[in-house]
Each structure stands twice: as C-alpha cells, then as structure tokens.
Amino acid sequence: MDTVRALLDKAGTTYAEQAGITLADKPAPLYRLLVLSTLLSTRIKADIAVDAAKELKRYGTPRKMVDASWQDRVDALGRAHYVRYDESTATALGDGAQLLLDEHRGDLRGIRDGDVRAELRRFPRMGPVGVDIFCREAQAVWPELRPYLDRKTLDGARKIGLPTEPDKLAGLTARKDLPRLAAALVRVSLDRKLADAVRAA
C-alpha cells in the first residue's frame, strides 16, 4: 500500500534505533529500552528523551545504573537538556535498576512469563504511556506482544486514512516491520506536517 510505504520511508525509524539501541532479546538492550521508555514517558520532547538515553548508554545495565551516583545520572540527563525532570528521573532510574536486580537478577526477560504490562508498571515512572512505548518497540523481539498497536498509533492511523482496527492495520505490513509502523504512526499523531506529507505522497 502506497500510504504505508510512504509512512515507513518518512518516519519508520523506531525510537530504539534513534537512540542507538540494537534491540535483541538480551538483558542489556532490553534494559536500555526500559530506560528509553521511562525517559519518553514524561512530558518532554521525544528528541530530548532520545538524546538523554544516548547519554545514559554508559550506564547500560542495571548494575552500572545502580553503581553510578545520583549526581552522575543527573549530569547525564543535563547534558541532553533533559532538565525539568532530571532529579526525579535520576532517582527513578536508580530505583528501577535496583528493583530489576532484586527481582529478576537484572534480566527483563524474567517478566515475559507473566503479565508484561503489569510487571512493567511496577518500575518507577512506568505508567501506561511508558508501558505502551516499551511494548510497541519490544514486539520486535517478543513476538507474543504482536500486534502491539495502542491508542496513540491508532490516532496516527486515523490521521492518514489507514484502518483503526489493530489486526487490519497490522495486516498492511510484514510482522517484522510492526515496530517501525508503530513508531511512524506515533510520529504522525504528533506532527501535522508529517501527516500531510505522508498523505500527499
């Protein structure tokens, strides 16, 4: 479908890819995705949250995040201009890393056997928005989440005339491209000019 092709061409980079995360079903990239989802879930521009995730790459495992000082985390967020929420987010990241170490030995794959959304909600700052972000991206490596097309993606679909039923929408692209489709639809939902450009193409 031409609209889907144009959408993926113009906006089909996942947020994980944008943050330099090569997603895989392994502890470190999944943890970095959790950090990115935490950062994206606050009322702050996505590009700033992505830059903050890049700055925090040096603390890319729960152990490294816990071993970093609170000030180290604040400083990393500050370098990315993630400033309105830097102190509370630095605390949340430290607490979340400790929780992951205590309950899952630092490995998010431990939540796959349960209710993934409920387990994610237990991490500080991971409300419904953060959970949706994580699941949209993690469906690349956790097939049981597919198709994960939440309200934000369906808002984007509506804006450019695509189906708003998740199964129909998912059927417009290959399963492996669902995370790209979801990310692109989120961008369209937030950017009228992008939506217009996709429709025009």
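Mentor: In the lining of the largest pocket, α9 gives the largest share, with 5 residues. This is a predicted model, where local features need pLDDT of at least 70 and side-chain atom pairs count only at pLDDT 80 or more, while totals for chains, interfaces and linings use all residues. Residues are numbered from 1 along each chain as its sequence is written, and side-chain values use heavy atoms, with hydrogens and water left out.

Trainee: What makes a space a pocket, and what makes it a cavity?

Mentor: On a 1 Å grid over the protein atoms alone, a cavity is a set of points where a 1.4 Å probe fits but cannot get out, whereas a pocket is an open set with protein on both sides within 12 Å along at least five of seven lines. The largest pocket has a volume of about 490 Å³, which is the space filled by probe spheres set on grid points joined across faces, edges and corners.

Trainee: Which residues lie nearest the centre of the largest pocket?

Mentor: L40, V129, I133, R136 and K152, out of 18 residues in the lining (a lining residue has an atom within 4 Å of a point). The elements giving two or more residues to this lining are α9 (128-138), α10 and α12 (178-190). By class, the largest pocket's lining holds 9 nonpolar, 2 polar and 7 charged residues.

Trainee: Where does I160 sit, and why is I160 called buried?

Mentor: I160 is in the loop between α10 (151-159) and α11 (166-170). Buried means under 20% relative accessible area (exposed is over 50%, partly exposed in between, with a 1.4 Å probe and protein chains only). I160 has 6% relative accessibility, so I160 counts as buried. Not counting residues up to four places away in sequence, I160 touches T3, L7, L185, V188, A195, V198 and R199, where contact means heavy atoms within 4.5 Å. T3 is 157 residues from I160 along the chain, yet their C-alpha atoms are separated by 7.9 Å.

Trainee: Why is D107 called buried as well?

Mentor: D107 has a relative accessible area of 17%, so D107 is buried by that cut-off. D107 lies in the loop between α7 and α8 (116-121) and, leaving aside neighbours within four places in sequence, contacts P27 and L100.

Trainee: Which residues of α3 and α4 meet?

Mentor: R32, L36, L39 and L40 in α3 meet A46, A49, V50, A52 and A53 in α4. By class, this contact has 8 nonpolar, no polar and 1 charged residue.

Definitions and conventions. Helices (H or I, at least four residues) and strands (E, at least two) are DSSP runs, numbered from the N terminus. Ala, Val, Leu, Ile, Met, Phe, Trp, Tyr, Cys and Pro count as nonpolar, Asp, Glu, Lys and Arg as charged, and the others, Gly among them, as polar.
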